[in-house]
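Dear colleague,

Please find below the structure that I am handing over to you. A summary of the findings follows it.

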Amino acid sequence: MQNPKCGDGDWFAAGMAAAQPRGTQTLEVSGLTVALPTEKGEIRPVSDVSLRVAPGEIVGIVGESGCGKSMTARAVMGLIPAPGRIIAGSVRLAGREIAGLSEREKRAIRGSEISMIFQEPMSSLNPVMKVGWQVAEALRLHSDCTREEARTRTLAAFREVEIPEPEARLRQYPHQLSGGLRQRVMIAMAMICRPKLLIADEPTTALDVTVEAQILRLLERLREGGTSILLISHNLGVIARVCDRVYVMYAGRILEEAETTVLFDQPLHPYSRGLLRASLSLREGVEPLETIPGGVPNLLRLPAGCGFGPRCACRRSECDAAMPELRVVEAGHRVRCFH
Amino acid sequence: MTERFSDLMRRMARENKTAVASGAVILLMLLAAAFGPMMTPYGENDMDLMNRLAPPSAAHLLGTDEGGRDVLTRLLYGARISLLIGVAPALLSLAVGAALGMIAGYRGGFADTLIMRMADVTLAFPSMLLAMVLMYALGGGILNVFLTLTLVNWASVARVVRSRTLQLRDSEFVEAARISGVSGGRIVRRHILPNCLPTLLALFTLNIPATILTESGLSFLGLGVQPPFASWGLMINAGQQYLMTAPWLCFAPGLAIMMIVLAFNFLGNGLLDVLDPRRKKR
């Protein structure tokens, strides 16, 4: 693993996409299955998941809590909590298989080629370290920067994520920053080595709506610079605003895949339709909010057929017999349903 | 832990006068140990056989011992040994205990089991008994006292640090560091250790009196520091046979031990109160 040369740090103009051969996906996951032994038996929080993210694309994963969204992200990062492990499938980053790499090789990729930001910017920063130091840490690990270059690039990164008074902020501690600023620091930290792929796990859930809008705009600007983004959220509003394509996940499986506009105009899977109906919309006036009856199934006792079957309004006998396969409806639109 | 360290110290100074007074006593003792011996007209081992067992007077403020040596002078020299023996093994056991505790907490699995069972075995014996056995096996001398006190005290530090590490290991900033590609060793050194420092500081101040007491006990039994070095425990040991005729021989070092132990305990508790949110006053 050669160290990248320490350059200036303008990632928005960097154009990562140009460096890759045409047609190569930034991230290509196929047939990914994660097994997690528990006291009562083995569960599969991620089961036969395939997805791809093209250069400069923002792709969303949406689903209820516990449907396997975050576990998918961790599997891509190679950070599944023990004793879980990947038992099948492949994860390709810019054409290179990374699922079977050694811990040392994965460490070299993490932070430099894939990065991740979390929901909780309060606790994702070390409380006793100055934020400038924390942001520069990834840089010092993955490149041979001098202290001075690292400082300059950290400062540039703070400017890029629009942190006001960046020089003063470098020397502050996390508790001196607001939630929105902390999330910006997290993004600066994730982007400092210009990764090809940024995984954003519920990046705006803990923030209020005005800050949410700013962070989403920031993600869009990163995309314009060529970074691919995998955005995980249960908030359909967030997904609709920034994503090009969406995967709907349920009980560890992908139920529907479509371009965002297509999914929102004509959702095919009953679960997708339920999710859309259950989200707030100002246009629909004062009707009571619809909900999907029931809860996420226990992964230890999944039904034999379609995982969503027990909660589905259009369930038929064939749904109980076997799990439907993902079926292509039209180009780029696939659904796991018999109807 | 969102408050700055300096803010915490200021809060302790405001709320806990005992801790502040204890800090002053400790500072005074340190100054006395450092500069006191230069100010007395007598040497540590200056005998004056014409003046044995003299009661406190203007010439000898705390009297003289069975060899006619000035007790105050010996007390000041003894303070050097006793404080050194309080601080150095406390630091050593802190370093050893923190390192092993962090390894056990972060690595888990076999390393955790091995280190924690070793700690359990150490803690299963009364510490004085263990120290006596070790000193008996190793022989006297200051270095062996250091070694013994470290071996006796590392286990409780390791336990506390391990539980703190377990907490920190699952925190999101450690996860964030792993996502940036930071290695395990570096996470422990740069992310977990700095977050353990307040706990370690409090443990340190509580460990000092424990080691001073153990050393005094060992020296009293003749297993610790060997004459002609003066240590407070040794002075009590020498003075006990004159307890009826010259009680100042035992009282002076005894009072000194009591004061320094109480002062460190009060300060340590004060530190724990402000550093550990679960110990907030009800």
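Helix 4 of chain A crosses helix 7 of chain A in a right-handed sense. Please bear in mind throughout that this is a predicted model.

In general, a pair of packed helices is described by the angle between the axes and by the distance between them. For helix 4 of chain A and helix 7 (residues 179–191) of chain A, the angle is about 25° and the axes lie 7 Å apart. Angles under 35 degrees count as roughly parallel, and helix 4 of chain A is therefore roughly parallel to helix 7 of chain A. On the side of helix 4 of chain A, the residues that meet helix 7 are Val131(A), Gln134(A), Val135(A) and Ala138(A). Their counterparts in helix 7 of chain A are Val185(A), Ala188(A) and Met189(A). By class, this contact has six nonpolar residues, one polar residue and no charged residues.

Elsewhere in chain A, strand 1 (residues 27–38) and strand 2 (residues 41–53) run antiparallel and are joined by eight bridges. The two strands form a hairpin, with two residues between them. Within this pairing, Pro37(A) stands opposite Glu42(A) of strand 2.

With kind regards

Terms used: Residues numbered from 1 in each chain as written. Chains lettered and ligands numbered in written order. Predicted model: local features only at pLDDT ≥ 70, side-chain atom pairs only at ≥ 80, totals over all residues. Pairing = 2+ DSSP bridges. Helix = DSSP H or I, 4+ residues; strand = E, 2+ residues; numbered from the N terminus. Axes fitted to C-alpha atoms, helices over the stretch in contact; angles between N-to-C directions. Parallel < 35°, antiparallel > 145°, perpendicular 65-115°, else oblique. Left-handed = near helix turned anticlockwise from the far one by under 90°. Contact = placed C-beta atoms within 7 Å. Nonpolar A, V, L, I, M, F, W, Y, C, P; charged D, E, K, R; others polar.
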